Amino acid sequence: MQKIKDIEDEMARTQKNKATAHHLGLLKAKLAKLRRELLAPSSKGGGGVGEGFDVTKSGDARVGLVGFPSVGKSTLLNKLTGTFSEVASYEFTTLTCIPGVIMYRGAKIQLLDLPGIIEGAKDGKGRGRQVISTARTCNCILIVLDAIKPITHKRIIEKELEGFGIR
C-alpha cells in the first residue's frame, strides 16, 4: 500500500509533457502491477488454493453472478444455460467458479456462477478475494439477491465490490 501511495505521489509531482511521458508510463505500469498483486497475491507453496477459479473466456460477453450464499445463483445458471451446477439447501454449495453459456439474439454470453461472498470478503474472508478477482474479469456483474432478505444485503454486496474498485 505504501509503494502504491509513493508512486501516486510521484505521478502527481511530475509535470506532464513530452519529456516526462515515458517516465509517467513506467510509473503507471508499476502502479498497475502493484494493484494486481494486491488483488491476487501470489501464493508460493499453497498448492491448489485457487483451483477452479481460472475459467477461459468464451463468447462475446462475460457475466458474473455475485451474491450471498444460497440466494439462487446456481439455480439461475441451471435454468438459463442448462449447465449443471449443484444446488442444495445448505450454504456454500458452490465452491468453485462454474461457467455456462447462453445464446441471446445471436450473441454468446458466458455466465459465471461464483461462490457466495460474505461480509468482509474484500478483506479476504471466505475466499472473498478470489471470488471478487474473478468477478473483475467480467464485462457485467449481476447481483443476485434473496427476495425474502432485507434490501440492506444489496448495499453490503456493493460495499464489498467497491472495496476492490468495482462500481
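Reader: Leaving aside its neighbours within four places in sequence, which residues is Thr 14 in contact with?

Author: In this predicted model, Thr 14 is in contact with Thr 20, His 23 and Leu 24, once neighbours within four places in sequence are set aside. For a pair to count, heavy atoms must lie within 4.5 Å.

Reader: Why is Thr 14 called buried?

Author: Its relative accessible area is 16%. The cut-off for buried is under 20%. Thr 14 falls under that limit, so it is buried.

Reader: Where is Thr 14 found, and what does its side chain reach?

Author: Thr 14 is found in the loop between α1 and α2 (21-39). Its side chain reaches the backbone oxygen of Glu 10 at 2.7 Å. A polar contact needs N or O atoms within 3.5 Å, so this distance qualifies.

Reader: On to helix α1. How do you know that its span agrees with its number of residues?

Author: Helix α1 covers residues 2-13, twelve in number. The expected span is 1.5 Å times one less than the number of residues.

Reader: Which residues of α1 are buried?

Author: Ile 4, Ile 7 and Met 11 are buried in α1.

Reader: What makes them line one face of the helix?

Author: Look down the axis of α1. The buried residues fall within an arc of 65 degrees, so they line one face. The face turned away from the buried side carries Gln 2, Ala 12 and Arg 13, which are exposed.

Reader: What makes up the largest nonpolar core?

Author: This core has 24 residues. Those with the most contacts inside it are Val 66, Leu 112, Leu 114, Ile 157 and Leu 161. The elements giving it two or more residues are β1 (61-66), β3 (107-113), α4 (128-136) and α5 (152-162). Apart from this core lies another, of six residues, with Ile 4, Ile 7, Leu 24 and Leu 31 among them.

Reader: Which residues does Ile 157 touch, not counting those up to four places away in sequence?

Author: Ile 157 touches Val 66, Gly 67, Phe 68, Ile 117 and Ile 143.

Reader: Why does Arg 105 count as exposed?

Author: Its relative accessibility is 78%. Exposed means over 50%, so Arg 105 passes the cut-off. Arg 105 lies in the loop between β2 (98-104) and β3. It has a positive phi of about 50 degrees although it is not a glycine.

Reader: Why does Gly 106 count as exposed?

Author: Its relative accessibility is 65%. That is over 50%, so Gly 106 counts as exposed. Gly 106 has its place in the loop between β2 and β3. In sequence, 46 residues separate Gly 106 from Asp 60; in space they are 9.8 Å apart, C-alpha to C-alpha.

Reader: How many helices and strands are there in the protein chain?

Author: There are five helices and four strands. From the N terminus on, they run α-α-β-α-β-β-α-β-α. Buried residues make up 32% of the 167 residues. Of the contacts with a separation of 6 or more, 58% join residues 24 or more positions apart.

Reader: What pLDDT does the protein chain average?

Author: The average is 78, and 80% of the residues score at least 70. Over residues 44-50 the pLDDT is below 50. Beyond near neighbours in sequence, that stretch has four contacts in the model.

Methods. Residues numbered from 1 in each chain as written. Heavy atoms only, no water. pLDDT = per-residue confidence, 0-100. Buried < 20%, exposed > 50% of the residue type's maximum accessible area, 1.4 Å probe, protein only. Arc of directions from axis to C-beta. Core = buried A, V, L, I, M, F, W, Y, C linked by side-chain atoms within 4.5 Å. Polar contact = N/O pair within 3.5 Å; in protein donor to acceptor, adjacent residues only side chain to side chain.
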